[in-house]
Amino acid sequence: MEYIVSARKYRPLTFDSVVGQSSLTSTLKNSVKTGKLAHAYLFCGPRGVGKTTCARIFAKVINCTNPTGDGDACGECESCQAFNEQRSFNIFELDAASNNGVEHIKTLMEQTRIPPQVGKYKVFIIDEVHMLSTAAFNAFLKTLEEPPSYVIFILATTEKHKLLPTIISRCQIYDFERMTVPNIVNHLKMVADKEGITYEEEALNVIAEKADGGMRDALSVFDQVASFCQGNITYDKVIEDLNVLASDTYFQIVDLSLQNNVYDIMVLVNQTLAKGFDGGQLVNGLSAHLRNIMMAKDQRTVGMLQASAAQKEKYVAQAQKCSPTFIYKALKILNSCDVNYRQSSNKRLLVELTLIEVAQITQPEEPGSGRRPNMLKTLFKIFMKHRQSGTEMPAEKKQISVTAQPNVTTNVSAPVSQQPSSNATNVASNLKTEKPATVQSANNIDVVKETPNPKPQSPQSVNFTKIATGSGFSLNGLKKSGQNQPTTQAAENIVDEDEKFTDEQLLQEWFAMCNRMPEKFTAMASRLRNLLPVITEFPKVELVFTNQMFHDEVSIIRSRIQATLRNCLHNKNIVLEFRIAKPSIKPILSQRERFEKIKAENGALKELFETLGMTIVT
């Protein structure tokens, strides 16, 4: 017996057997029952959802001499028998992908002049109609608008936007939907039962997801898997045959991320990539997995999961472990990775860094962890407490054990006490002002090195001028310290909304803002780095432009720049002013005049010329 693929063997022959398009088939059946038929129909939608199938069923029904009461064909009359045996002269199919010239349309138009010999209508089904040439469309327009009473056109396309508006306006439009996973799974169960194939529902669910909403694709994959599994379709064999990443991998990654277990995640990523999977596929799959977890957080959205019952239970169980904050932040990080994946030159590193960020979302913020500058705040509090009390810091507090990132350097400038101490390791009393003390953070904070001949300063001159941490945080607020304030408030009252700032701090935050600007402002950020803002009359900040065009371009985001500076410099009164520099006309000097000018400005050069009696010859 000749083998027929499932997509052809189980092609629907009635409207009731069409899967997933109940609203469209009901509309077509009602139009047949009432006799209200249009002269042209446009069936559009993705591939493999039943456009051509519905067109054939519709053509069969409208030519049936004894239709049933619910709008289906009887299947017994001469017209139905001719259709089933593929010998009907009332139904013409044209593949516009290969017959897209104007001569093919003219031949089709000549067929419309001959009325049907059996049945009521001549039906012309044009598949992939968007492939017709412009000349063919123009030759088709007049006949499409006013065909003979016995002619009905059914146009099918997967890309409706490529059709001429004049074609679309002459047709009744039916938009076919993608198949849902449950609909595909139910249809595959029916096919498997008829073929005598055993299956696991999880395996059919993987096939349905692989089909991406197309029933024809699902049946093609089903035939492939059935051959590989030899009549017993299991989940493991389907994963192996289709080279699909198992959902258990995503469950493991999420569980390890909740445990902040970065190293096991890296091992799992290495095993996944070693199997031939793409890093982008892993990121996209994990994003879809987290989206399903988000849907499983609420009973109202669990039904939106296109998964089997067993899978839904696993999603619900893991959703109970994940907080909404973790899900939202992880989705944002993964989406950013997906956007930058194609442009990345080291795709594997990008994927690994992304998963490391996801694994650190729930990590507790420990002092000195590199995520917050708590280590310096702690050091500052200890220093202020013992400075005001006049006591020496305990030995166990002279070194603070942290887990900060390596190569993190912090510059601290602070006064010494009025009474010098003989202990060289006393951080609280021997911080020097001539040279900034350096605290290097690795596993411990080493003792600050002492410089000779310290100069006493006022206790009110405590100044933590510049703090650079590996994670990019800055403590510009650690600039003020009131001597008369209580010890417990020494570090809490550092930041003020009307805090003063210097030109150096202004430039530091200016360049930081330019580096943080979104990608769409890359060109503008590069030009803004060349403009140096200055403090004119505190807290007014002036920015001088060289041309009017750039001035107008930056003026659009002026309020955003001003708000950023206010936030970063902790001063809500900052006013950002723009000014266009006046062009200066410089005289054009000759070579002799330029040399004379240089000689006049350089006394040594002038003396050399006079001593040697040199002259310039031009």
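Of the 18 residues in H14, 13 are buried, so this helix is largely enclosed by the rest of the structure. Buried here means under 20% relative accessible area, exposed means over 50%, and partly exposed is in between (1.4 Å probe, protein chains only). Helices themselves are DSSP runs of H or I with at least four residues, strands are E runs of at least two, and both are numbered from the N terminus. Keep in mind that this is a predicted model, in which local features need pLDDT of at least 70 and side-chain atom pairs count only at pLDDT 80 or more, while totals for chains, interfaces and linings use all residues. Residues are numbered from 1 along each chain as its sequence is written, and side-chain values use heavy atoms, with hydrogens and water left out.

H14 covers residues 279–296, and at 1.5 Å a residue it should span 26 Å; its end C-alpha atoms are 26 Å apart, which agrees. That expected span is 1.5 Å times one less than the number of residues. Look at the start of H14 too: a side-chain oxygen of Asp-278 comes to within 3.0 Å of the backbone nitrogen of Gly-280. 

Now move over to H12, which is part of what surrounds this region. What covers the buried residues of H12? The cover includes H14, along with helix H11 (235–242), helix H13 (262–274), H16, H17 and helix H18 (347–359). The residues of H12 that are buried are Ser-247, Thr-249, Tyr-250, Phe-251, Ile-253, Val-254, Leu-256 and Ser-257. With its 12 residues, H12 reaches 17 Å from first C-alpha to last, close to the 16 Å expected at 1.5 Å a residue. Just after H12, Asn-260 takes a positive phi of about 60°.

The side chains of Asp-255 and Lys-321 meet in a salt bridge, at 3.8 Å from N to O; the term stands for a side-chain nitrogen of Lys or Arg within 4 Å of a carboxyl oxygen of Asp or Glu. Asp-255 lies in helix H12 (residues 247–258) and Lys-321 in the loop between helix H16 (309–319) and helix H17 (324–340), so the pair ties together parts that are 66 residues apart in sequence. Asp-255 is partly exposed, with a relative accessible area of 25%, whereas Lys-321, at 55%, counts as exposed. In general, side chains of opposite charge can pair when their charged atoms come close.

Arg-87 pairs with Glu-85, their closest N and O atoms being 2.5 Å apart. Both ends are partly exposed: Arg-87 has a relative accessible area of 37%, and Glu-85 comes in at 47%. Lys-162 forms a salt bridge with Glu-159, with 2.8 Å between the closest N and O atoms. Here Lys-162 is partly exposed at 45% relative accessibility, and Glu-159 is partly exposed at 25%.

Leaving aside neighbours within four places in sequence, Val-316 is in contact (heavy atoms within 4.5 Å) with Ala-296 and Val-302. Val-316 and Met-294 are 22 residues apart in sequence, and their C-alpha atoms are 9.2 Å apart in space.

Next, find Thr-143 in helix H6 (residues 134–145). Is Thr-143 buried or exposed? Thr-143 is buried, with a relative accessible area of 18%. Apart from neighbours within four places in sequence, Thr-143 is in contact with Met-109, Thr-112 and Phe-153.

Ile-4 is partly exposed, with a relative accessible area of 37%. Together, Tyr-3, Ile-4 and Val-5 make a nonpolar surface patch of about 290 Å². Patches are made of residues with over 30% relative accessible area and no salt bridge, joining like charges within 9 Å and nonpolar side chains (Val, Leu, Ile, Met, Phe, Trp, Tyr) within 5 Å.

Finally, zoom out to the whole chain. Its secondary structure comes to 25 helices and 13 strands. Buried residues make up 41% of the 618 residues. Among the contacts with a separation of 6 or more, 69% are between residues 24 or more positions apart. The chain exposes about 34300 Å², with carbon and sulfur atoms supplying 50% of it; accessible areas come from the Shrake-Rupley method with a 1.4 Å probe, and for residues only the protein chains shown count as cover.

Key
A polar contact is a pair of N or O atoms within 3.5 Å; within protein, one must be able to donate a hydrogen and the other to accept it, and residues adjacent in sequence count only if both atoms are side-chain atoms.
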